[in-house]
Amino acid sequence: MNYIYILFAFLVGLAITVQAGVNANLRQAMASPILAAAISFGSGFIVLVLLLLASGGSVPPLDTVKQVSWWKWMGGAMGAVYMITVIVSVPKIGTANLVSLSVAGQLLAAVVLDHYGFMGFALHPANGWRLLGLVLIMAGVLLVVKN
């Protein structure tokens, strides 16, 4: 197993939690969850364009872009819904509840996607260990949310 990816995944988890607080505070400063999300996505877009330019990445031809299935463009829309949900929910339910519920939902979806190989994912069967892990995560979420 490549430990650098494990470390990055853990650090991204930390960053997502901090991001929730940053964006909730931005919402308060801007007095609008949608404006806060737009600013957050805008700054992220600028960073991504700069990284693309710095890496020497290229943009595919328009014909290639036109052939992409409609549902493959929905990641940004899902991200926008997630961002607004975070911005609106954190002040109401707290960061720990939001993050634990989000992680539980992500893990459930991931186990299903892996098990069936949906959307081109490699098959990773939902064996007993994975299901036990899912149950334990859900139990942990219940303990966090019950507080």
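**Labels and their grounds**

Colleague: Why is Ala31 called exposed?

Modeller: Ala31 has a relative accessible area of 70%. Exposed requires over 50%. So Ala31 counts as exposed. Keep in mind that this is a predicted model.

Colleague: Where does Ala31 lie?

Modeller: In the loop between H1 and helix H2 (33–55).

Colleague: Where is Met119, and is it buried or exposed?

Modeller: Met119 sits in the loop between H5 and H6. Its relative accessibility is 56%. The cut-off is over 50%, so Met119 is exposed.

Colleague: Step back to the fold. How many helices and strands does the protein chain have?

Modeller: The protein chain has 6 helices and 0 strands. Read from the N terminus, the order is α-α-α-α-α-α. Along the principal axes, the C-alpha atoms fill a box of roughly 45 × 45 × 30 Å.

Colleague: What share of the protein chain is buried?

Modeller: Buried residues are 14% of the 147 residues.

Colleague: What share of the contacts in the protein chain joins residues at least 24 apart?

Modeller: 57%, counted among contacts between residues at least 6 apart in sequence.

Colleague: Now a single residue. Why is Asn23 called buried?

Modeller: Its relative accessibility is 4%. Buried means under 20%. Asn23 therefore counts as buried. Its place is in helix H1.

Colleague: What surrounds Asn23, its neighbours within four places in sequence aside?

Modeller: Asn23 is in contact with Ala36, Ser40, Met83 and Ile87.

Colleague: How do you know that Asn23 and Ser40 make a polar contact?

Modeller: By distance. Their side chains are 3.4 Å apart in this pairing. The limit is within 3.5 Å. The pair passes, and the contact is between side chain and side chain.

Colleague: What makes Asp114 and Arg130 a salt bridge?

Modeller: The closest N and O atoms of Asp114 and Arg130 are 3.1 Å apart. The rule asks for a side-chain nitrogen of Lys or Arg within 4 Å of a carboxyl oxygen of Asp or Glu. Asp114 and Arg130 meet it. The pair links distant parts of the chain: Asp114 is in helix H5 (residues 95–116), Arg130 in helix H6 (residues 128–146), 16 residues apart. A search of the whole structure finds 1 salt bridge.

Colleague: Why is Leu134 called buried?

Modeller: Leu134 has a relative accessible area of 11%. That is set against a limit of under 20%, so Leu134 is buried. Leu134 is found in helix H6. Residues up to four places away aside, Leu134 touches Leu107 and Leu108.

Colleague: Now the domains. Where do domain 1 and domain 2 run?

Modeller: Domain 1 covers 1–93 and domain 2 covers 94–146. The contact takes 10 residues from domain 1 and 8 residues from domain 2. The centres of the two domains are separated by 21 Å, taken over C-alpha atoms.

Colleague: What area is buried between domain 1 and domain 2?

Modeller: About 700 Å², of which 71% comes from carbon and sulfur atoms. In domain 1, Thr17, Val90 and Ile93 lose the most area to domain 2, together 59% of what that side buries.

Colleague: How many salt bridges and polar pairs lie between domain 1 and domain 2?

Modeller: The salt-bridge count there is 0. The rule finds 2 residue pairs in polar contact across the interface.

Colleague: Which helices supply at least two residues each to the side of domain 1 that touches domain 2?

Modeller: Helix H1 (3–30) and helix H4 (75–93). H4 gives the most to that side, with 7 residues.

Definitions and conventions:
Residues numbered from 1 in each chain as written. Predicted model: local features only at pLDDT ≥ 70, side-chain atom pairs only at ≥ 80, totals over all residues. Heavy atoms only, no water. Helix = DSSP H or I, 4+ residues; strand = E, 2+ residues; numbered from the N terminus. Buried < 20%, exposed > 50% of the residue type's maximum accessible area, 1.4 Å probe, protein only. Contact = heavy atoms within 4.5 Å. Domains from an automatic or database assignment. Buried area = accessible area lost by both parts, 1.4 Å probe. Polar contact = N/O pair within 3.5 Å; in protein donor to acceptor, adjacent residues only side chain to side chain.
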